[in-house]
Amino acid sequence: QTTQDAIFEGNETFTVTLSGATHGATVSATHGAATGTIVDDDGTPTITHVGNGSIDSVTVAEGSDAVFTVNLSNAAATPTSFTLALANGSASAPGDYTTALSDASFSNGVTISGSTITVPAGVTSFTVAVPTVNDTLFETSENFTLSVGGVSGTGNITDNDAAPVFSVADASISEGGLMSV
C-alpha cells in the first residue's frame, strides 16, 4: 500500500522480484520480476502569497528591512527554483531601496543566483528581507514591488524625517533702501 502525502516528488518506481520457489515451482526467467510505478498526484510547488500575513504588502519605516513572507502551495522532495524581481513604484532604487538582489536576505536555506532563488526540499514558507534606505529627505510614503515566481507583493516605505519648518520675521526698511532676505 502506498502513502498519500502532499509532497511533490515525481513518479517513483519499485521492483518486485520472485525468487526461492519451493515444492517444485519455478520462477520464469522472463517474468520473474516486475516494475511498479507510484504516480505522484501532487503538483510542482507554486508561489501562493508574497506579503505579510494575509495581505499582499508590508510596511516599514525607511532604513528598515521590508520583510516579505513567501508561501508555497506545497513542499517538494527536491529543491525548487523561482524567479525573483524588484521593481520601482513611487519609490526608486537605489535612493529608497536596493535593487541589488544579492543584498536581499532569505530564511529557511533559500539561496539566490542572479535573479533565480532556490527553495530547499521540504520548505513551504520563507522570508525575503529587502533593505530600504534611511535618507534625510521629508517625503510622502513610497512603494516598490517584489515578485517571486510571478506573484507580487508591495513594499510600503514610510518616511521618518521631520517636516521642514519655515519662518519669516518682520522687517522694515527706509524708503529707497535695499532689503536682503
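**View 1. Strands β13 and β14 in antiparallel pairing.** Strand β13 (residues 142-148) runs antiparallel to β14, joined to it by 7 bridges; strands are DSSP runs of E with at least two residues, numbered from the N terminus, and two strands pair if DSSP finds at least two bridges between them. Phe144 stands opposite Gly155 in β14. The hairpin of β13 and β14 has 2 residues between the strands, and Gly149 takes a positive phi near 55 degrees there. The model is predicted: local features need pLDDT of at least 70 and side-chain atom pairs count only at pLDDT 80 or more, while totals for chains, interfaces and linings use all residues. Residues are numbered from 1 along each chain as its sequence is written, and side-chain values use heavy atoms, with hydrogens and water left out.

**View 2. Strands β5 and β14 in parallel pairing.** β14 covers residues 151-158 and pairs with β5 in the parallel sense over 5 bridges. Within this pair, Ser57 stands opposite Thr154 in β14.

**View 3. Strands β10 and β11.** β10 pairs with strand β11 (residues 116-119) in the antiparallel sense, over 3 bridges. Thr111 stands opposite Thr118 in β11.

**View 4. A nonpolar patch on the surface.** The patch is formed by Phe14, Val16, Leu18 and Val27, which together have about 340 Å² of accessible area. Patches are made of residues with over 30% relative accessible area and no salt bridge; like charges are joined within 9 Å and nonpolar side chains (Val, Leu, Ile, Met, Phe, Trp, Tyr) within 5 Å. A salt bridge is a side-chain nitrogen of Lys or Arg within 4 Å of a carboxyl oxygen of Asp or Glu. Areas come from the Shrake-Rupley method with a 1.4 Å probe, and for residues only the protein chains shown count as cover. Phe14 lies in strand β2 (residues 12-17). Phe14 counts as partly exposed because its relative accessibility is 40% (buried is under 20%, exposed over 50%, partly exposed in between).

Terms used
Helix = DSSP H or I, 4+ residues; strand = E, 2+ residues; numbered from the N terminus. Buried < 20%, exposed > 50% of the residue type's maximum accessible area, 1.4 Å probe, protein only.
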